[in-house]
Amino acid sequence: MQLCGHTHDGQIFPGNLTVKLFWENPCGYLKKGNLNSIVTSGVGVWGPAMRVGTDSEICTITVHFSNY
């Protein structure tokens, strides 16, 4: 499992629309082969209040392991 950063989902409108041109999964869930990708738009609590027209988000991930 790898946990990384976030894309801000465009932090300022209309960036939340154009960010989809640069990232295959700019926000949300994507399953591609054996890869499960979950990307949040970020919390938006650090720095100046610049999030306009987009949502802040925290995601809970539940992982289940099975024996082969």
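The exercises below work through a predicted model of one chain.

**Exercise 1. The chain as a whole**

Describe the secondary structure of the chain, its burial and its surface.

Solution. 
- Step 1: the elements. The chain contains one helix and two strands, and along the sequence they follow the pattern α-β-β.
- Step 2: burial. The chain has 68 residues, of which 22% count as buried.
- Step 3: contacts across the sequence. Taking contacts between residues at least 6 apart in sequence, 36% join residues at least 24 apart.

**Exercise 2. Asn25**

Locate Asn25 in the chain, decide whether Asn25 is buried or exposed, and find the partner of its side chain in a polar contact.

Solution. 
- Step 1: position. Asn25 sits in the loop that runs between helix H1 (15–18) and strand E1 (28–32).
- Step 2: burial. The relative accessible area of Asn25 is 12%. Buried means under 20%, so Asn25 is buried.
- Step 3: neighbours. Leaving out residues up to four places away in sequence, Asn25 touches Leu30, Ser37, Ile38 and Val39.
- Step 4: polar partner. One of these neighbours, Ser37, makes a polar contact with Asn25, side chain to side chain, at 2.9 Å.

**Exercise 3. Asp55**

Locate Asp55, decide whether Asp55 is buried or exposed, and relate Asp55 to Ile12 in sequence and in space.

Solution. 
- Step 1: position. Asp55 belongs to the segment after strand E2 (35–39).
- Step 2: exposure. The relative accessibility of Asp55 is 60%. Exposed means over 50%, so Asp55 counts as exposed.
- Step 3: neighbours. Asp55 touches Ser41 and Gly42, with residues up to four places away in sequence not counted.
- Step 4: separation. Between Asp55 and Ile12 there are 43 residues of sequence separation, and their C-alpha atoms are 9.9 Å apart.

**Exercise 4. The largest pocket**

Give the volume of the largest pocket, the residues nearest its centre and the make-up of its lining.

Solution. 
- Step 1: approach. Empty space is located by rolling a probe the size of a water molecule over the atoms.
- Step 2: volume. The largest pocket holds about 760 Å³ of space.
- Step 3: lining. The lining of the largest pocket has 21 residues, and those nearest the centre are Gln2, Leu3, Asn36, Ser37 and Ile38.
- Step 4: composition. The lining divides into 10 nonpolar residues, 10 polar residues and one charged residue.
- Step 5: link to Exercise 2. Ser37 and Ile38, listed here near the pocket centre, are also touched by Asn25.

Methods. Residues are numbered from 1 along each chain as its sequence is written. This is a predicted model: local features need pLDDT of at least 70, side-chain atom pairs count only at pLDDT 80 or more; totals for chains, interfaces and linings use all residues. Side-chain values use heavy atoms; hydrogens and water are left out. Helices (H or I, at least four residues) and strands (E, at least two) are DSSP runs, numbered from the N terminus. Buried means under 20% relative accessible area, exposed over 50%, partly exposed in between (1.4 Å probe, protein chains only). A polar contact is a pair of N or O atoms within 3.5 Å; within protein, one must be able to donate a hydrogen and the other to accept it, and residues adjacent in sequence count only if both atoms are side-chain atoms. Contact means heavy atoms within 4.5 Å. On a 1 Å grid over the protein atoms alone, a cavity is a set of points where a 1.4 Å probe fits but cannot get out, and a pocket is an open set with protein on both sides within 12 Å along at least five of seven lines; lining residues have an atom within 4 Å of a point. Grid points are joined across faces, edges and corners, and a volume is the space filled by probe spheres set on the points. Ala, Val, Leu, Ile, Met, Phe, Trp, Tyr, Cys and Pro count as nonpolar, Asp, Glu, Lys and Arg as charged, and the others, Gly among them, as polar. Accessible areas come from the Shrake-Rupley method with a 1.4 Å probe; for residues, only the protein chains shown count as cover.
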